[in-house]
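Good morning, and thank you for making time for this presentation.

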Number of protein chains: 2
Amino acid sequence: MTMSKPYVVGIDIGGTNTVFGIVDARGTIIASGSIKTQKYNQVEDYVTDLYTELSRLLEQENATDKIMGIGVGAPNGNYFNGTIEFAPNLPWKGVIPLAQMLSDRFGIPVSLTNDANAAAIGEMTYGAARGLKDFIMITLGTGVGSGIVINGQLVYGHDGFAGELGHVIIRRTNGRLCGCGRTGCLEAYTSATGVARTAREFLEIRKDDSLLRQIPIQDITSKDVYDAAVKGDKLASEIFDYTGTILGEAFADFVAFSSPKAIILFGGLAKSGDLIMKPICESMERNMLAIYKGKVKVMLSELKESDAAVLGASALGWEAK
Amino acid sequence: MTMSKPYVVGIDIGGTNTVFGIVDARGTIIASGSIKTQKYNQVEDYVTDLYTELSRLLEQENATDKIMGIGVGAPNGNYFNGTIEFAPNLPWKGVIPLAQMLSDRFGIPVSLTNDANAAAIGEMTYGAARGLKDFIMITLGTGVGSGIVINGQLVYGHDGFAGELGHVIIRRTNGRLCGCGRTGCLEAYTSATGVARTAREFLEIRKDDSLLRQIPIQDITSKDVYDAAVKGDKLASEIFDYTGTILGEAFADFVAFSSPKAIILFGGLAKSGDLIMKPICESMERNMLAIYKGKVKVMLSELKESDAAVLGASALGWEAK
C-alpha cells in the first residue's frame, strides 16, 4: 500500500441498508455514508445512486484519487467471480455481476465476498485475529454465517461457496425446519430467530414462572431473552445454556476439521457475554477429541459492531485487482 | 527436482509392518523393502535396522547419492515438528522425534505426517487428485482417517492435527462407543470394524435369512459382508446402504466447510464399488445445501493399494527441507 493511495473503500450491502466508508491503513473510518438497499428494484439504479453518494463523500474528503481498491461484503457474494448469486434478502434476483458494475463505474479495482468472509478478513486485518493464521469466524445474527481462515488464507472452496457452517446438521432426528428447506441446521437453533424459537418452545412445554411470560409469546425476541437473563430469570438463562451447548457441540466438530487456534464470535448474540460464552466453552471442551482439548480459544470480535461490516469489507480493498 | 537427485524415499509406518520404497518423479516404485515394526520395543533399535535395510536397498539400486528427501507417513504423525505423538498402535510410547532421528542418520531431509495426510499428498501427486486444488481424502480402514486439501495445500491446522474427520459426531443420541472414548463418531459406523458391528446389530435385531448367519456372529468381518452382498444377499446389501447413507450425511457437512471439488475414498471399504458408492452419493446429494448439489464428485483412489502408502509418503520427500 503506497502512500499515494492510502485509502480503501468498504461497502457493506445489507437487505435494508448499504453502508460505505473510506478507511485508512490503520482501520480508521475517515468518513461514511449509506443508502437504502431496499429502495432499488433495479440494480442499475442502485449502482448509479451508490456511485453518486460515494463520489460525493470522496470529494468531500479530498480522497478521489487516493483509493487503492473497493471491497464489498454482500449476502451470497462470490469472491471468485464478483457476483451476488440468488440472495434471498436482496431486491435483485438471479446472478448480479456487482463487482464488475462498480469497477466499470469507479475505474477502481473491486473485490467482493460474502458478509461473513468479509467479517473474518476484517478481524484478521484490524481485530481479534491479528497475527492468527488459523481461525474460524462465526457470525451470530438473523442467520448463522462463517468465515474460515486456514494458513492465513480465507477458505473459498472450489466454487467460492465454502464456509456455510450455519448449515451443518446439528440435530439429525426431529430437527427444526431451517430457512434453507432442510431440518436440523445449526442456524435453526443458534441464530437470533433460533433463540426466540427456543424461548417459545420452553415457555410452551414448561410451567415455571419467567419474566418472558409477560411478553406475547409470538413477539419474543433474542433481545428479550437476554434482558430477562440479565435480571436473573432462570428460564431465560437456561435458553442461553441450551443455545451455547449446541454451539459448543458444533464447534467441537469444526475443530476436528481445521484445528484452528481460535473461534471468534461476532454479532448480536455474541454480545451476551458469559451467558453464552460459558456454556459454549464447557460444551466444546466436553465434546472435543482429546488431542484438541484446552487448545482452542473462543473469543469475541474486537471490532465495533457499527463499524465492523464496513471495516471487514474495506480490508478486501487492499488486495483488490 | 534436479536430475542429480531424481529419487525420493517413502516410508509407511504401520502397527505391524514398516514398508519403504525408492520412488522416481513419475511415481514409479524402483525398489522396496520392509521390516517388522512391532519387533522393536526401542525406537533406537528400530531406526538402526531401518537405516541398515534402506541403505542396502539404496546401494543395490546405486541410488545412495540420488535421494532428494525422505517422506514418512505414520499414525499420529505431526508434520510441524516431525514427531509421532502417543500413537496407540505403535510400540513406542510418548512423543518420538522420528523425522530428526532419521535425518540425523541418513543426512537427508525428512518430512513426516500422518498416514491419511500422506495418502492425500500421494493422490494429489500421482493419483486421482492430480490437478485438483480442493479435495478431501477419506481413508476407510480399521479406522476412518482424512486428509484435507484446500487451495492446493494440505490442511495441518495450528498444531498439525487438523483433519480428524473420522471423529466428527454423526449420531448425537444413543451413538456407538468409539475407540476415542466418545460416542457417535463417524469411525464407529463406517470403519471396517464399524461395518462388522452393523452386521452383528442387524443379525441380532432382524429375523430374515442371510448368508451371514452361516458365520459365527463374533467372527464376521466387513469382508464377509462384502462377499455376501456380491452374492446378492439382501441383508448384507442393506448393511452397505446403512454405511453409505451415514457417510453421505457426513460428507454433506464436510462440503459446507470447504466446498471441495471431490471427495476421494481410499482403503478396503472403498473397493466395494457401487455397493458403497451408490448409497454414499444418494445420501450426500439428499443432505447437501442447495448451492452445493450436483457439484461434488465422489471418486475412488487411483493408487494401487499395495503401493499407495509408500507413494503417498514418498511424495512428501520432494518438499522435505
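First, the conventions. This is a predicted model, in which local features need pLDDT of at least 70 and side-chain atom pairs count only at pLDDT 80 or more, while totals for chains, interfaces and linings use all residues. Residues are numbered from 1 along each chain as its sequence is written, chains are lettered from A and ligands numbered from 1 in the order in which they are written, and side-chain values use heavy atoms, with hydrogens and water left out.

Let us turn to the interface. In chain B, 38 residues are in contact with 38 residues of chain A, where contact means heavy atoms within 4.5 Å. The two chains bury about 3,300 Å² between them, 57% of it on carbon and sulfur atoms; buried area is the accessible area, taken with a 1.4 Å probe, that two parts lose on being put together, summed over both. On the side of chain B, the residues that lose the most area to chain A are B:His158, B:Arg172 and B:Phe257, together 25% of what that side buries.

How many salt bridges are there between chain B and chain A? The count is 6, a salt bridge being a side-chain nitrogen of Lys or Arg within 4 Å of a carboxyl oxygen of Asp or Glu. A:Arg172 and B:Glu249 meet through their side chains in a salt bridge, at 3.9 Å from N to O. Two elements of chain B, β10 (144-150) and α7 (234-258), each give two or more residues to the side that touches chain A. The largest share, 6 residues, comes from α7(B). Helices (H or I, at least four residues) and strands (E, at least two) are DSSP runs, numbered from the N terminus.

Next, a sheet in chain A. Its 3 strands form an open sheet in the order β5-β6-β7, with antiparallel pairing. Strands β5 (77-78) and β7 (95-96) of chain A stand at the edges with a single partner strand each, so one side of each is left without a neighbour in the sheet. Two strands pair if DSSP finds at least two bridges between them, and β6 (residues 83-85) of chain A pairs with β7(A) over 2 bridges. Within this pairing, A:Ile84 stands opposite A:Ile96.

Now the backbone. Most residues other than glycine have a negative phi. A:Phe86, although not a glycine, has a positive phi of about 50°, and A:Ser259 likewise has a positive phi of about 40°. Are these residues buried or exposed? Buried means under 20% relative accessible area, exposed over 50%, and partly exposed in between, with a 1.4 Å probe and protein chains only. A:Phe86, in the loop between β6 and β7 of chain A, is exposed at 57%. A:Ser259, in the loop between α7 (234-258) and β12 (262-266) of chain A, is buried at 1%.

Finally, the cysteines. There are 0 disulfides over all chains, a disulfide being a pair of cysteine sulfur atoms within 2.5 Å. B:Cys180 is in no disulfide, and the nearest cysteine sulfur, that of B:Cys185, is 3.7 Å away. B:Cys180 is partly exposed, at 29% relative accessibility.

Thank you for your attention.
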